[in-house]
Each structure stands twice: as C-alpha cells, then as structure tokens.
Amino acid sequence: MIILIKIRNIHVIDVLKILKSNYGKISICQNSIHTYFNFKNDWGTGNYTDFPYGDILTAFQQLQGDLNEDISDYKVTNLEFGLNIRTSLSPKQMLENNFLMFNFDEFNQHYTFKKKGSYKQYNRNE
C-alpha cells in the first residue's frame, strides 16, 4: 500500500526539517532530535553523545517552542536507538566480525559511507 500525503509547508529549524501535511496533525521530522538538541545547546551537531531521558523531554519542549504549537498529543511512530561502546577493537572490526545478527536474524540494512565508515541496522515491526 502506498500512502501519499500532500505537504502543506516545510519548516527548517536549525538541523531539523519538519514536513507538515494538509490533513490533521501529520508531520514528519527528518534528521535527529538528538542532533537538534545538541545544536540548540551549543554542543555541536553530532548525535554520538549521551542523550538521557531528561534531555529528550527538553528537546521536545524546545521543538514545541520553535514550532510555536502544542505537540503534546503528537505520536512518535519511529524511534531509533544507538549505543556507543568502548572497546580495544576497531569499530570496523566490531561491525564486521562481532555484530552478526539480532534475535537470530541477520541485519536487514547495511550501509557504507564512501569507504570511511559502516552502519548496520535491524528493523523490526510489531
């Protein structure tokens, strides 16, 4: 099934891109709330720092202020978690040789970044 949504307007708020539809409160936030929070608080534009629950709440409060609308009844439909692991192995070696599967399923997305990095992701729907 393909769902097409007519976009009413596009907001670019610092490092976030918010796409708003003409129908109800359907919005798509592109990029990272974590990156947005770090940018708003002068901590750079990365998302590799710790991001505790209190900071997540603060980020949504800041976003609500920037959008100038109440987002308290919006639903989050996709949430991505990452983790930083300190290890004596190189990240490349860890990704290639130590993270092989999740729940006995192979990762279903694998990206490389111009031969300078690697990323594995497992998508799961319930």
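**A helix and its aromatic neighbours**

Mentor: Thr35 counts as buried, because its relative accessibility is 6%, and the cut-off for burial is under 20%. The model is a predicted one, and what follows should be read accordingly. Thr35 sits in helix α1. Leaving aside residues up to four places away in sequence, the contacts of Thr35 are Val15, Gly44, Thr45, Gly46 and Asn47.

A pair of aromatic rings is described by the distance of the centres and the angle of the planes. With ring centres required to lie within 6.5 Å, the count comes to 2 aromatic pairs. In one of them, the ring centres of Phe37 and Trp43 are 5.4 Å apart and the planes meet at 65°, so this pair is edge-to-face; the class applies because the angle is over 60 degrees. Phe37 is buried, since its relative accessible area is 3%, whereas Trp43 is exposed because its relative accessibility is 52%, the limit for exposure being over 50%.

The other pair joins Phe37 to Phe51. Here the centres are 5.6 Å apart and the planes lie at 55°, so the arrangement is tilted. This pair links distant parts of the chain: Phe37 belongs to helix α1 (residues 33-40), while Phe51 lies in the loop between α1 and α2 (53-67), 14 residues apart. Phe51 is partly exposed, because its relative accessible area is 21%. Phe37, Trp43 and Phe51 together form one aromatic cluster.

Within α2, Ala59, Gln62, Leu63 and Leu67 are buried. Viewed down the axis of α2, the buried residues fall within an arc of 130°, which means that they line one face of the helix. On the other side of α2, Tyr53, Gln61 and Gly65 are exposed. After α2 comes Asn68, with a positive phi near 55°.

How values were computed:
Residues are numbered from 1 along each chain as its sequence is written. This is a predicted model: local features need pLDDT of at least 70, side-chain atom pairs count only at pLDDT 80 or more; totals for chains, interfaces and linings use all residues. Side-chain values use heavy atoms; hydrogens and water are left out. Rings of Phe, Tyr and Trp (its six-membered ring) pair if their centres lie within 6.5 Å; planes under 30 degrees apart count as stacked, over 60 as edge-to-face and the rest as tilted. Buried means under 20% relative accessible area, exposed over 50%, partly exposed in between (1.4 Å probe, protein chains only). Helices (H or I, at least four residues) and strands (E, at least two) are DSSP runs, numbered from the N terminus. The arc is that of the directions from the helix axis to the C-beta atoms. Contact means heavy atoms within 4.5 Å.
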